[in-house]
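Subject: Structure handover, pockets

Hi,

Here is the structure for your pocket work. My notes follow below it.

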Amino acid sequence: MDLLVRNVRVGERIVDVAIEGGRFARIGPDLDVDAARTVEAGGRLATPPLVDCHLHLDASLTAGKPRHNLSGTLIEGIHVWGELKESLTPDDVFERAQEIVRWSAAQGTLHIRAHADVSAKNEAPVRGLLRLRDELADLVTIQVTAFPQDGIYSDPRNEGLVERAIDLGVDCVGGIPHYEPTAELGLREVHRVFELAKRHNLRIDVHCDETDDPQSRFLEVMADDTVRHGLRGRVTASHCTAMGSYEPYYSSKLHGFLARSGINIVVNPYANSLIQGRLDPYPKRRGFAQLKELLAAGVNVSLGNDVIMDPWYPMGKADLVDAAHLALHFTYMSGLEEIPEMLRCATERGARTLGIEDEYGIEEGKPADLVIFDAPDPIEVIRLRAPRRWVIRRGRVIAETTPAQTTLLGEPVLFRGNPGSPGAPSCR
Ligand code: FE2
């Protein structure tokens, strides 16, 4: 074997994981195998890789260019980005995005859905990110979405730019219907996105209802189009923050439509926790999709970092466990069974959103991608925002983290709770 991971927790079991030729070869207790390298996991939890379902890699690391977003609002962020994007080059986009991909991989995110702003007339975002997808494929699997940040119909050139990005080879078609000048144009945009995706056999990922306006209801149109076009599982609606202002009757009706359509919802807790509710007097709405209620209704929900040090968000370090931790707070996912569900939103539910389940998961025969956390169970992973002790890609250890050690009066402080968890005592 090429690599053997001893005593690692997978699901409810402590097992050994043997890897050969980049795939999981054998998984079971006390395997009698030799390997070129052995990792002693000491009872730590392993999961398949983290999946970042929504990341604007073209804008990452541009905070302050050409000026800072002084108000911190979504609209000023769009204006600042508009002032910058026509001056970008594919190489500049590639270099900044590559840096974020390196941060992501180091923290166990090995699948990313990126958004390229195709309303930039210079095509720099889409060209830079397509190069990134192809050149970094051994490190991280990337899907690129053609995202018309300025809307498809707000400028007569934009529809052609979306089609041009499709010709260049994107994986998904995007939209932003709530940003169109009228609701009628927003509806037209949704239908156009579905037509294009169907014609070119692409997935769909639309920025949908990212507003505090409870009358913004393009999500129900997306669900209906998903059913009419037979695209179950291939459609994602991202942000959906207007849902945080929907009243209960409409919400319950919508949840049923969404579940039946098989649409995926992506929650992006970082920017939306700061952008939504800005115009409200106190008490302020905080504008989140109803993650808890959607899961209860049977809707697949996953997570994205969305923005990292860009015109909309000056913070961020590409850690999806941090995003899950933050989303837990805003969506009330603190029940004993709900906390582990947040880790599933960051892993296997993300894989379902990206449509990569066939090549995802710790199972014999599948690609040997996994993350070993410095924690014994999912609750401790989320609570501690646990370091990724080892990250393995296609059977190779690509990242290792040595956790920080704190002492108090000369004695180590481990910050470890949940002492009954399997493997807890042996993690350090
Ligand atoms: Fe976004």
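Which element gives the largest share of the lining of the largest pocket? Helix H1 does, with three residues.

First, the ground rules. This is a predicted model: local features need pLDDT of at least 70, side-chain atom pairs count only at pLDDT 80 or more, and totals for chains, interfaces and linings use all residues. Residues are numbered from 1 along each chain as its sequence is written, and side-chain values use heavy atoms, without hydrogens and water.

Largest pocket
- Volume is about 500 Å³ (the space filled by probe spheres set on the points, which are joined across faces, edges and corners).
- A pocket here is an open set of points on a 1 Å grid over the protein atoms alone, where a 1.4 Å probe fits, with protein on both sides within 12 Å along at least five of seven lines; lining residues have an atom within 4 Å of a point.
- The lining has 24 residues, and Leu74, Ile75, Glu210, Thr211 and Ile275 are the closest to the centre.
- Helices H1 (74-85) and H8 (269-275) each supply at least two lining residues (helices are DSSP runs of H or I, at least four residues; strands are E, at least two; both are numbered from the N terminus).

Second largest pocket
- Volume is about 350 Å³.
- Of its 18 lining residues, Gly11, Ala46, Thr47, Arg344 and Glu348 are the closest to the centre.
- Strand S1 (3-10), strand S5 (45-47) and helix H11 (338-346) each give two or more lining residues.
- Domain 1 (3-48 + 361-413) and domain 2 (50-359) each contribute at least three (bounds come from an automatic or database domain assignment).

Best wishes
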